Structures are given as C-alpha cells and as structure tokens.
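Let's walk through this model together, one chain at a time. Please keep the viewer open as you read.

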Amino acid sequence: MSTLATRKKPPRVGDNPIFRRSLIGIVLVLVAFVIVAPLIIIGVEAFSKGWATYRDTIIHPDTLHAIMLTVLAALIAVPVNTAFGIAAAWAITKFDFWGKRFLLVLIEIPFSVSPIVAGVAYLFVYGLQGLFGPLLDAWDIKILFAIPGIVIASMFVTAPFVARELIPLMQAQGRDLEEAATSLGASGFRTFLSVTLPNVKWALLYGVILCNARVMGEFGAVSVVSGNIRGQTNTLPLHIELLYHDYQAAGAFASASILALLAVFTIIAKVLLERQGAGRVRKTANPAEKTS
Amino acid sequence: MKIRLENVVKTFETFRAVKDVSLDIDSGELVALLGPSGSGKTTILRMVAGLEYSDGGTIHFGDQDATDIPVRDRGVGFVFQHYALFPHMTVADNIAFGMKVSKVKRDKAAIDARVTDLLRLVRLEGLGDRFPAQISGGQRQRVALARALAVDPKVLLLDEPFGALDANVRRDLRRWLREIHSELGITTLFVTHDQEEALDLADRVVILKDGQIVQQGTPEEVCRDPQSAFVMKFLGDANVIAAEVRDGRAYAGDVSVEAQGVADGRAELYARPSDLDWSHAGPGIAATISRVLDRADGRRVLATTVASETLEFDVEPERIVKAGEAGFVTLRRAKVFPV
C-alpha cells in the first residue's frame with residue numbers, strides 16, 4: 001500500500017464518518033417505517049382473505065365504478081391543467097405585464113391551502129345555499145354531488161403542478177430561442193410547436209405525471225363536494241374510506257392496492273422519463289452516435 | 001441593401017437607451033457599433049432587426065420604410081450573442097429551419113443541397129449530424145451564421161458575435177467572417193464592446209456613448225483622429241497628463257505639443273503607451289519608474305511623475321530599465337483635449 005493511502009487524513013468538510021453513518025441510518029429507518037412498511041401492509045392485507053375475496057372486491061360494481069370515476073376525473077382534469085400550466089408558464093416567463101408576481105403567488109395557492117378548505121369553499125359557491133346555487137338550480141345544472149364537482153375540485157388541487165415544473169425551466173431558457181425562430185421567419189404557433197415545446201417536453205411530462213398522480217389520489221376536496229354516493233359519486237380514495245368504515249378491511253386494502261399500483265406505475269413512468277431525458281443528454285454528448 | 005436610421009429613439013421604462021440616432025449604412029458595407037455596456041448599441045441592432053420597436057424616428061431598408069415591419073417579415077439574418085441554436089435539432093436541422101418555415105416553399109432536395117452548401121461555406125462539412133452540445137463554441141458560432149444566411153437575408157446582424165469565445169478563436173473567426181463578407185457582399189452590422197474586434201473587422205466603426213453616436217469613420221479615421229477624450233480612451237490604453245494651453249501649444253513639464261483649436265487654459269494630454277518613451281536626459285517629464293511589466297512583445301513601464309501622475313509606456317525588449325530608476329518620459333505625439 002502506498003504511503004499516501006496509509007497516511008491518516010483528516011475527513012473532508014462534511015465527511016465525518018459518524019455523522020455520515022448516523023444520517024444515512026436515520027433516513028433508512030424513517031423510509032422503512034414511514035414509506036415501505038405501509039406499502040407492504042397494503043399488499044399483505046389485500047390478500048389476507050385470499051385471492052377470491054380480492055377479485056370479488058375489485059370486480060364489485062361499486063369498485064369498478066369508483067375506478068372509472070377516478071380515471072374520468074384524471075382524463076378531464078389533467079389535460080385541462082396541462083393546458084393551463086403551459087399558458088400560465090408562457091405568460092409568466094415570456095411576457096411582462098402588471099400583476100405578474102401576484103399571478104405567480106395565486107398559482108401556488110392550491111399547494112398551500114388544505115384541499116378540504118377548497119372543498120368547503122366550492123360548497124359555498126356552487127351549493128344550493130351558495131352564491132350561484134339558486135341560478136344553477138334554476139337551470140337544472142348539478143355541479144356539487146355530481147361528476148362536475150369532482151372534476152372541478154380535482155382541478156383546483158392540481159392546478160399548479162405543470163406550471164410549477166415549467167416556469168423555472170422556461171425562465172432559464174429566456175427568449176433567445178423564440179426570437180431566433182421568429183427572425184428566421186417562423187410563425188408564433190410554429191415557434192411554439194417546434195422550438196419551445198421540444199425544449200420543455202421532459203419537464204412538461206413530469207408535471208403531467210405528478211398532476212395525474214395527485215388527481216387520482218385526491219381525497220379531501222373531492223370528499224366534500226362529491227357527497228360520497230356509492231356507485232355514483234365515489235372516487236377510488238373515497239371508496240376505500242367507505243369500505244374501511246364498513247369494517248371491510250380486506251376490501252378496503254384491495255381497493256387501496258389498486259390506487260397504490262396506479263401510484264407505482266406513475267413512479268415507474270417518472271423514472272423512465274427521467275432516464276429518457278438524461279439519456280438524451282448522454283446521447284448528444286457522444287459524438288459517435290448517429291442521431292438524425 | 002442600404003440601411004438608413006433617422007432620429008431613432010428608444011426608451012425602456014424611464015431609461016433612454018437610444019437618443020436620436022441617425023446612421024447611414026451603404027449597401028455591402030460592414031459596420032461595427034462599438035461602445036461600452038449601456039451605450040445602446042445592442043438596442044439599435046435589435047431595432048434594425050425588428051426585435052424591438054423604436055419609440056420615434058424611422059428605419060429604412062433601401063427605399064422601404066421598415067420601422068414597423070415585424071422581425072418575421074423583415075428579412076434580416078440575426079446572430080445572437082449566445083448563438084441561440086435550437087438544442088434539440090442537429091446542426092443541419094438548425095440551418096434548414098428557416099427554409100422549412102419559410103412562406104417560400106422549397107422541396108427537401110433543394111433544402112438539403114443548400115444546407116450542404118452552407119456547411120461548406122462555414123467549413124463544417126460532415127458535422128451536419130451533430131447536436132449543438134457536441135461541437136465547440138467557435139463551431140456553434142459558425143452554425144449560427146450559416147442558419148442566419150440560409151434565408152437569404154437582405155441584412156446580416158450580429159450581436160457580440162465573438163463575445164463568448166477565447167482570444168485565438170476570436171481572431172481566426174474575425175478574419176474568416178471578413179472573408180465571408182467579401183465573398184457574399186451582404187450588408188452587415190455588428191455590435192461589439194471590443195475595440196480591437198471593431199477595428200479589425202469593420203469598414204466603418206460607429207462609436208456610441210449613452211445612446212448617442214460620438215464619432216464614426218473608418219478604423220483609420222477614428223484611430224488617427226479621435227474627436228473626444230472618450231473616444232481616445234475607449235479605443236485603447238491612454239495616458240492622461242495635465243497640461244496648460246497657451247497660444248495653440250499645450251505645455252506639460254518641459255515638453256509641449258501642438259494644440260491648434262484648443263482654448264487657452266487647463267487641458268489634458270492624451271498619449272498612447274507607444275507615444276511615450278524613456279530617456280535619462282531631458283527634456284521630458286521628470287519621473288521615477290515604479291514597476292516594469294514584462295510582456296511577450298516588449299516591456300511595459302509604469303512610472304510616477306513629480307506631479308504623482310502614473311504613466312504607462314512600452315520600451316523594446318532589450319532595453320534595461322529597473323524600478324526605482326529616475327529619468328524623463330519623452331513624448332512622441334499626443335492629443336490635447338480641454339478639461
């Protein structure tokens with residue numbers, strides 16, 4: 001062994017072995033108890049009464065309806081919030097206008113406000129005794145305790161996700177690329193499609209995935225506005241709670257496993273996308289690669 | 001294409017970036033806008049491009065009033081300071097972009113042929129498949145130029161074209177851009193804060209200060225006959241020596257220089273380091289050498305005069321000079337400006 005390696009060197013800044021080990025240890029223990037253990041329990045409990053019970057719970061019409069409703073809410077809320085996020089990020093990063101900072105703060109509000117507050121607020125806006133209640137009633141439009149309410153509540157909760165991912169990136173990119181494209185004769189729409197969008201696509205997809213995960217898992221706001229009508233306005237998270245209160249623990253866990261599976265798929269999709277994004281950079285860094 | 005700016009004004013919020021600038025650029029001319037940061041040079045360039053609009057005055061391209069023509073239809077090629085290449089497109093796709101989005105439809109073969117021609121022009125044959133991240137800064141600069149030229153612009157505009165490159169690459173690219181310009185003969189306007197770049201490259205140099213043109217002319221004219229202390233100082237190192245003007249001559253210590261047209265009274269002599277020399281005998285400005293800096297092409301001497309002014313000048317590499325030595329600074333030539 002060389003003398004260099006055997007010489008006892010003082011630790012580098014922040015590299016104290018005791019500190020390092022205890023920090024890693026604490027994190028691992030917390031992850032095990034807080035994140036991993038509950039996930040395992042979901043799997044174990046879901047199958048505690050056997051495969052048949054699990055299957056029966058899943059194919060029960062109420063469960064299927066809840067899954068359908070959750071997916072429907074996601075199918076509407078995610079595209080709408082994606083469009084909103086792109087528009088908001090574009091407006092904030094590419095234009096100067098009065099009240100821009102205020103808009104930035106407004107967009108963040110759903111992150112900081114408890115979802116249940118949003119639910120209650122919607123109750124007072126669209127409920128029968130609410131602001132637009134009589135008007136909506138007169139026109140026979142049902143928003144609360146129906147699908148529109150669920151979608152609107154989901155949209156509120158997930159509004160910031162896409163914008164939040166795009167704004168820092170688009171701010172960093174500045175206006176140069178758009179100016180270059182326009183000076184070369186591209187229309188605004190063409191510039192957006194072939195210059196702006198490709199450069200934010202990974203951040204955009206990441207935002208969409210986070211948004212989707214949150215829509216599917218949303219409980220608080222939806223629970224207030226949906227009215228929990230079994231087989232009608234019950235989303236998957238609400239359905240799980242209902243089953244649990246009915247002392248159908250195995251059923252609740254079975255439904256929960258579906259939601260957990262959706263979440264796991266989301267995480268896998270996110271990791272794959274990040275790989276793709278990173279892979280693109282790696283690929284471009286390798287001159288031997290033929291990329292056209 | 002001739003460019004004519006008439007009384008152009010631009011204000012950002014309350015800051016007047018460009019004040020009443022008038023400028024004529026002849027067809028095929030290569031003109032440098034030279035000035036310190038904040039002098040409005042980039043703003044003028046961006047107004048010529050249509051990336052900013054003037055608050056007053058007009059910009060004509062030939063006989064056409066281009067003041068309010070949007071950038072998309074103005075027919076200019078713009079090269080950005082940081083190139084602004086599209087990172088997700090290959091070099092070839094970057095160059096082809098303008099032709100693909102153009103209102104004039106070209107078929108794929110024609111576009112490919114033009115891309116190949118341009119790659120040859122900017123000496124990047126065989127690099128069409130690379131992405132911008134895979135090529136060097138100097139190569140990116142050339143791609144940016146090829147992309148701007150691809151749309152057959154009437155005017156070529158370059159914003160600090162070599163600002164982000166190291167010294168050797170800059171020099172090469174400068175000579176090369178000059179060659180391209182003589183080959184294509186396209187009217188070219190570029191912005192720089194580097195006087196060497198402007199003098200090296202341009203047919204005509206327009207020097208700006210605080211949003212106004214302070215002097216313009218060929219590199220020879222502005223170098224040999226700076227009209228103000230600002231231009232003198234901005235174009236290169238300059239020594240400032242307090243002087244007294246009497247009857248058309250400026251006196252400083254034992255030396256005097258011609259100062260026709262400068263009013264009697266206090267004035268300043270401006271002299272380049274190469275305009276001064278060192279001698280053990282007078283007449284000259286008595287001084288003591290405080291430091292000697294050795295450089296590749298000679299020795300730079302820092303001397304302190306009896307009036308506590310610091311003077312810098314160059315002597316030949318063989319000359320023996322030492323710190324602490326007393327003697328006289330002699331004057332070959334100098335410009336006199338009133339204080």
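This is a predicted model: local features need pLDDT of at least 70, side-chain atom pairs count only at pLDDT 80 or more; totals for chains, interfaces and linings use all residues.

Residues are numbered from 1 along each chain as its sequence is written, and chains are lettered from A and ligands numbered from 1 in the order in which they are written.

A residue is called buried if 20 or more other C-beta atoms lie within 10 Å of its own, exposed if 12 or fewer, and partly exposed in between, with C-beta atoms placed from the backbone.

Now zoom out to the whole of chain B. The chain has 9 helices and 20 strands, and its C-alpha trace spans about 75 × 45 × 35 Å along the principal axes. Of its 339 residues, 42% count as buried. Two residues are in contact if their C-beta atoms, placed from the backbone, lie within 7 Å. Among contacts in chain B between residues at least 6 apart in sequence, 64% join residues at least 24 apart.

UniProt, in an unreviewed entry, gives residues 3-235 of chain B the annotation "domain: ABC transporter". UniProt positions are in the numbering used here, feature names are shortened, and annotations may be inferred rather than shown by experiment. That span is 38% helix and 26% strand, and its end C-alpha atoms lie 25 Å apart.

Another sheet of chain B is open and has 4 strands, in the order E2-E1-E4-E5, with antiparallel pairing. Its edge strands, each pairing on one side only, are E2 (15-25) and E5 (64-65) of chain B. Inside this sheet, 5 bridges join E1 (residues 3-12) to E4 (residues 56-61) of chain B, and B:Arg4 has B:His60 in E4(B) as its bridge partner.

Next, look at some loops. Most residues other than glycine have a negative phi, and most peptide bonds are trans. B:Tyr83 has a positive phi, near 70 degrees, and lies in the loop between strand E6 (76-79) and helix H3 (91-101) of chain B. B:Tyr83 counts as buried because it has 21 C-beta neighbours inside 10 Å. B:Asp247 also has a positive phi, near 50 degrees, and lies in the loop between strands E11 (239-246) and E12 (249-252) of chain B. Is B:Asp247 buried or exposed? It is exposed, because 6 other C-beta atoms lie within 10 Å.

B:Gly75 is in the loop between helix H2 (71-74) and E6 of chain B. With 19 C-beta neighbours inside 10 Å, B:Gly75 counts as partly exposed. Leaving aside neighbours within four places in sequence, B:Gly75 is in contact with B:Pro153 and B:Lys154.

How do the two chains meet? There, 24 residues of chain B are in contact with 19 residues of chain A. H2, E6 and H3 of chain B are the elements that give two or more residues to the chain B side, and the largest share, 3 residues, comes from H3(B). The chain B side divides into 14 nonpolar, 6 polar and 4 charged residues; Ala, Val, Leu, Ile, Met, Phe, Trp, Tyr, Cys and Pro count as nonpolar, Asp, Glu, Lys and Arg as charged, and the others, Gly among them, as polar.

Finally, turn to chain A. UniProt lists residues 67-274 of chain A as "domain: ABC transmembrane type-1", in an unreviewed entry. Over those residues the chain is 80% helix and 0% strand. Chain A is divided into domain 1 (1-46) and domain 2 (59-285), with bounds from an automatic or database domain assignment. The centres of these two domains, taken over C-alpha atoms, are separated by 35 Å, and their contact takes 5 residues from domain 1 and 7 residues from domain 2 of chain A.

Methods. Two strands pair if DSSP finds at least two bridges between them.
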